[in-house]
Every structure is written in C-alpha cells, then in structure tokens.
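Trainee: I would like a close look at one part of this model. Please take it step by step.

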Amino acid sequence: MDSKWLTLAPLPLILGTPLLLIGVYGLRRARKLRRTGVTANARIVRHVVRRYKSKGSKSTASTAYHPVAAWTAQDGRTCEYESWFGRGAVKNGFGLGARVMVRYDPEAPDRFTIEGWEPKIPYRVLTTVGAVLTVGTVTVLIVQLLAF
C-alpha cells in the first residue's frame with residue numbers, strides 16, 4: 001500500500017465524520033419535533049444580530065439575524081427563545097411583530113423550530129456529504145488493506 005495514500009486517508013474521515021454527525025443530529029431533532037412536538041402561535045419579539053468576521057480579512061464580515069419567538073406553552077409557561085438558525089436577511093413574514101407558528105418540545109421548550117424559517121436542506125446536504133466522505137474513505141481503506 002502506498003504510504004502517501006495512507007497518510008492522506010484520514011483527511012476525508014476527519015472532515016466527513018463531523019459533517020455526518022451534525023447532519024444526523026439535525027435531522028433527528030427535526031424528526032422528533034415533528035412527531036412529539038407541540039405547535040403554538042408565536043410572535044417575533046426581536047432579532048438577535050450576530051456579526052461574523054472572516055479570519056483572513058479585516059473588512060469581510062457577515063451578519064446573521066436570529067428571530068426571538070415568544071409564545072405561551074400548553075402548561076401556561078411564557079416562553080421566549082432565540083432561534084438557533086440565523087439568516088443573512090429577515091425573510092418576509094418574519095419581521096418584528098410577525099405572527100408565526102412554532103413547534104416545540106413540551107419538556108424543553110427551548111428546543112423549538114419556527115415553521116418556514118429553518119431549512120431542512122442543509123442537514124440533508126451535511127448528512128449526504130459526510131456519509132459519502134466517511135463511507136467512501138472507509139471502503140477505499142478496506143479495499144486497500146485487503147489488496148495489500
């Protein structure tokens with residue numbers, strides 16, 4: 001077996017495994033909320049604005065808007081939580097004061113999603129890319145070891 005290939009083999013695993021884990025976590029979280037979550041009418045009460053600077057550039061920065069939704073849970077608790085997902089711009093229907101539908105975990109209301117705000121595609125992409133890198137590398141590694 002070529003030693004150069006063997007030293008580079010862990011790179012796709014190092015990249016692919018975290019992507020796969022993050023993607024699977026997000027898909028499972030969304031699935032659990034779809035199955036056992038409770039819906040509630042909510043209102044966007046503010047946006048948390050986060051600025052992210054690029055490491056290599058002083059002038060390049062991006063901004064993410066995280067809506068904060070407020071609702072009353074089934075047990076009467078007042079809930080007000082920031083969405084984990086931020087976007088570069090506030091979409092129509094998610095501005096300050098907008099009425100939205102949230103789906104939350106009744107045992108932990110801070111685990112919630114705002115319907116229409118949080119995308120499903122990134123988790124699918126992360127899962128797919130992570131699986132391809134991880135499974136592909138393991139398969140090639142096994143074939144190389146068996147051929148050795």
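This is a predicted model: local features need pLDDT of at least 70, side-chain atom pairs count only at pLDDT 80 or more; totals for chains, interfaces and linings use all residues.

Trainee: In which helix is Thr137 found?

Mentor: Thr137 is found in helix α3, residues 121-147. Helices here are DSSP runs of H or I, at least four residues, numbered from the N terminus. Residues are numbered from 1 along each chain as its sequence is written.

Thr137 counts as buried because its relative accessibility is 9%. Buried means under 20% relative accessible area, exposed means over 50%, and partly exposed lies in between, with a 1.4 Å probe and protein chains only. Now its surroundings. Leaving aside neighbours within four places in sequence, Thr137 is in contact with Ala9, Pro12, Leu13 and Val132. Contact means heavy atoms within 4.5 Å.

Next, Leu11. Leu11 has its place in helix α2, residues 10-36. Its relative accessible area is 47%, so Leu11 is partly exposed. Together with Leu8 and Ile14, Leu11 makes a nonpolar surface patch of about 290 Å². Patch residues have over 30% relative accessible area and no salt bridge, and nonpolar side chains (Val, Leu, Ile, Met, Phe, Trp, Tyr) are joined within 5 Å, like charges within 9 Å. A salt bridge is a side-chain nitrogen of Lys or Arg within 4 Å of a carboxyl oxygen of Asp or Glu. Accessible areas come from the Shrake-Rupley method with a 1.4 Å probe; for residues, only the protein chains shown count as cover.

Definitions and conventions:
Side-chain values use heavy atoms; hydrogens and water are left out. Helices (H or I, at least four residues) and strands (E, at least two) are DSSP runs, numbered from the N terminus.
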